[in-house]
Amino acid sequence: MRLTSPPENLTDDLPLDQLAKGLEENIERLNSLKVESLTFGPKAVSKDSYIKALDYLVGQIKSGASREDFMET
C-alpha cells in the first residue's frame, strides 16, 4: 500500500429517490422488530422516534426538498 492524499471534496452521488426507497425499506424492517429502543454507541433512541425521523426524511425527499434543504435542517 502507498500513502495517498485525501480527496479535496467528498460528495454523495446517491440519487435521492434511491435514498427514499432505502429509508422506506429500513422503516419496514424496523416495524417488524420486537424491540422498544435502538442503541447507537452510547445513545439509545426509542424505535418509534427513530421511525418517525426516517419517515420525516422520506417525506422531505418526496416533497422535492433539495440537497441544500437537507444541509440547513
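A helix is a DSSP run of at least four residues, and helices are numbered from the N terminus. The structure described here is a predicted model. The protein chain has an average pLDDT of 89. Of its residues, 95% score at least 70. Strand S2, residues 43-46, has the highest mean pLDDT, at 96. Helix H3, residues 67-72, has the lowest, at 72.

Salt bridges were examined next. Side chains of opposite charge can pair when their charged atoms come close. A search of the whole structure gives two salt bridges. One of them joins Glu 25 and Lys 21, with N and O 2.7 Å apart. That distance meets the criterion, because a salt bridge needs a side-chain nitrogen within 4 Å of a carboxyl oxygen. Glu 25 and Lys 21 both belong to helix H1, residues 16-32. They are four residues apart, so about one helical turn separates them. Glu 25 is partly exposed, with a relative accessible area of 43%. Lys 21 is also partly exposed, at 49%.

Lys 62 forms a salt bridge with Glu 24. Here the closest N and O atoms are 2.5 Å apart. Lys 62 lies in helix H2 and Glu 24 in helix H1, so this pair ties together parts that are 38 residues apart in sequence. Lys 62 counts as exposed, with 57% relative accessibility. Glu 24 is partly exposed, with a relative accessible area of 29%.

Lys 47 also lies in helix H2. Lys 47 is buried, yet it has no salt bridge. The nearest side chain of opposite charge is that of Asp 48, 5.3 Å away. The side chain of Lys 47 does have a polar atom 2.7 Å from the backbone oxygen of Leu 33.

Strand pairing gives the next part of the picture. Strand S1, residues 37-40, runs antiparallel to S2. Four bridges join these strands. Ser 37 lies in strand S1, and Ser 46 of S2 stands opposite it. Leu 38 has Val 45 in S2 as its bridge partner. S1 and S2 form a hairpin with two residues between the strands. In this hairpin, Gly 41 takes a positive phi near 65°. Ser 37 is partly exposed, with a relative accessible area of 40%. Ser 37 and Glu 8 are 29 residues apart in sequence. In space, their C-alpha atoms are 38 Å apart.

The structure holds one aromatic pair. Its members are Phe 40 and Tyr 50, with ring centres 5.1 Å apart. Their planes make an angle of 40°. Phe 40 belongs to strand S1, whereas Tyr 50 belongs to helix H2, residues 47-62. The pair thus links distant parts of the chain, 10 residues apart. Phe 40 is partly exposed, with a relative accessible area of 41%. Tyr 50 is partly exposed too, at 25%. Tyr 50 can also be placed relative to Leu 38, which is 12 residues away in sequence. The C-alpha atoms of Tyr 50 and Leu 38 are 8.2 Å apart.

One further residue of helix H2 was examined. Asp 55 is located in this helix. Asp 55 counts as partly exposed, with 46% relative accessibility. Asp 55 and Asn 26 are 29 residues apart along the chain. Their C-alpha atoms are separated by 10.0 Å.

Definitions and conventions
Residues numbered from 1 in each chain as written. Predicted model: local features only at pLDDT ≥ 70, side-chain atom pairs only at ≥ 80, totals over all residues. Heavy atoms only, no water. pLDDT = per-residue confidence, 0-100. Pairing = 2+ DSSP bridges. Phe/Tyr/Trp six-rings, centres within 6.5 Å; stacked < 30°, edge-to-face > 60°. Buried < 20%, exposed > 50% of the residue type's maximum accessible area, 1.4 Å probe, protein only. Lys, Arg positive; Asp, Glu negative; His and termini not counted. Polar contact = N/O pair within 3.5 Å; in protein donor to acceptor, adjacent residues only side chain to side chain.
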